Every structure is written in C-alpha cells, then in structure tokens.
Amino acid sequence: MDNLTLKYVDTEDELFKWVEFGNGNRKIGCTNMNAVSSRSHSIVQVIIGQENTETGTKIEGKLFMVDLAGSERVGKTGATGMRLDEAKFINKSLSALGSVIKSLTESTKTHVP
C-alpha cells in the first residue's frame, strides 16, 4: 500500500509523536456541517513486544487504532466540486467496509469482498 510508514519506538512519547505526525498528514476540509471535517481515514497499528531475557521467550500483541472519515449527507454539507468528489469516495469506502464487516460476521459466507 502507498503512504505507509513503519517506525520503531521505545517510549509512549515517541509513539504519540508519530501518531500526531500521521494526524498532521490527514486531509481535512471545511463543510457546512464541520469546519475541520476529516476527508481521509487513518489506521495505526501498534505492535507491542516483550522478551524474557532469561528464557528467550517472546510475546507480541497488536493494537489497531482506526479513525474513519464520517459519512456525509451531501445536501446538508453543501459540498461541491472537490469536496463533493471526496464525499462520494468517503461514502463509497465506508459502504465497502460495511460489506466486508457483514461478510466476516456471517458464517455462511465463503467470500469476503
């Protein structure tokens, strides 16, 4: 995937620094409903590892933090031009995500879109 960044950090402060860096790269725009409307999705994966130095045993946990751009009712936002195109893509991607989640929760599905 494009625009992914992998960083190794040792402290909470470093982690928060990179999360804020990522937030700074998100697209925002003004609509009639929100002066700083998020125009992009953001996903942060944190992998936390621990190693027992006496036994060499390693364990790892993963945490996903997801912030999705909100769906929009174009009529209420007054979006036109580029903002309208963004709204269409936001709504389309949220609809696709909904289909994936629905497929994952249905035991009869053999395919996830």
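Glycine 78 is where I would like to start: this residue is partly exposed, since its relative accessible area is 41%, and by the convention used here buried means under 20% relative accessible area, exposed means over 50%, and partly exposed is in between, with a 1.4 Å probe and protein chains only. Glycine 78 sits in the loop between helix H2 (74-77) and H3, where helices (H or I, at least four residues) and strands (E, at least two) are DSSP runs numbered from the N terminus. Between glycine 78 and phenylalanine 64 there are 33 Å in space, C-alpha to C-alpha, although they are 14 residues apart in sequence.

Before I go on, please keep in mind that this is a predicted model, in which local features need pLDDT of at least 70 and side-chain atom pairs count only at pLDDT 80 or more, while totals for chains, interfaces and linings use all residues. Residues are numbered from 1 along each chain as its sequence is written, and side-chain values use heavy atoms, with hydrogens and water left out.

Let us turn to strand S3. Serine 42 is found in this strand, and so is valine 46, the strand covering residues 42-51. Serine 42 is buried, as its relative accessible area is 15%, and valine 46 is buried too, at 11%. Leaving out neighbours up to four places away in sequence, serine 42 is in contact, meaning heavy atoms within 4.5 Å, with Arg26, Met65, Val66 and Asp67, whereas valine 46, under that exclusion, touches Leu15, Gly61, Lys62, Leu63 and Met65. Lysine 27 is 19 residues from valine 46 along the chain, and their C-alpha atoms are separated by 22 Å.

Next comes helix H3. The expected span of a helix is 1.5 Å times one less than its number of residues, so the 25 residues of H3 should span 36 Å, and the 37 Å between its end C-alpha atoms agrees with that. Which residues of H3 are buried? They are Glu86, Ala87, Ile90 and Ser103. Serine 103 counts as buried because its relative accessibility is 9%, and, not counting residues up to four places away in sequence, serine 103 touches Lys109, His111, Val112 and Pro113. Proline 113 is 10 residues from serine 103 in sequence, and the two are 7.6 Å apart, C-alpha to C-alpha.

The count of salt bridges comes to one, a salt bridge being a side-chain nitrogen of Lys or Arg within 4 Å of a carboxyl oxygen of Asp or Glu. Lysine 102 and glutamate 106 form it, with their closest N and O atoms 3.9 Å apart. Lysine 102 is exposed at 53%, while glutamate 106 is partly exposed at 27%.

Finally, the structure holds one aromatic pair, and this is the edge-to-face pair of tryptophan 18 and phenylalanine 21, 5.3 Å centre to centre with 75° between the planes. Rings of Phe, Tyr and Trp (its six-membered ring) pair if their centres lie within 6.5 Å, and planes under 30 degrees apart count as stacked, over 60 as edge-to-face and the rest as tilted. Tryptophan 18 and phenylalanine 21 are separated by about one helical turn, because they are three residues apart in helix H1 (residues 12-25).
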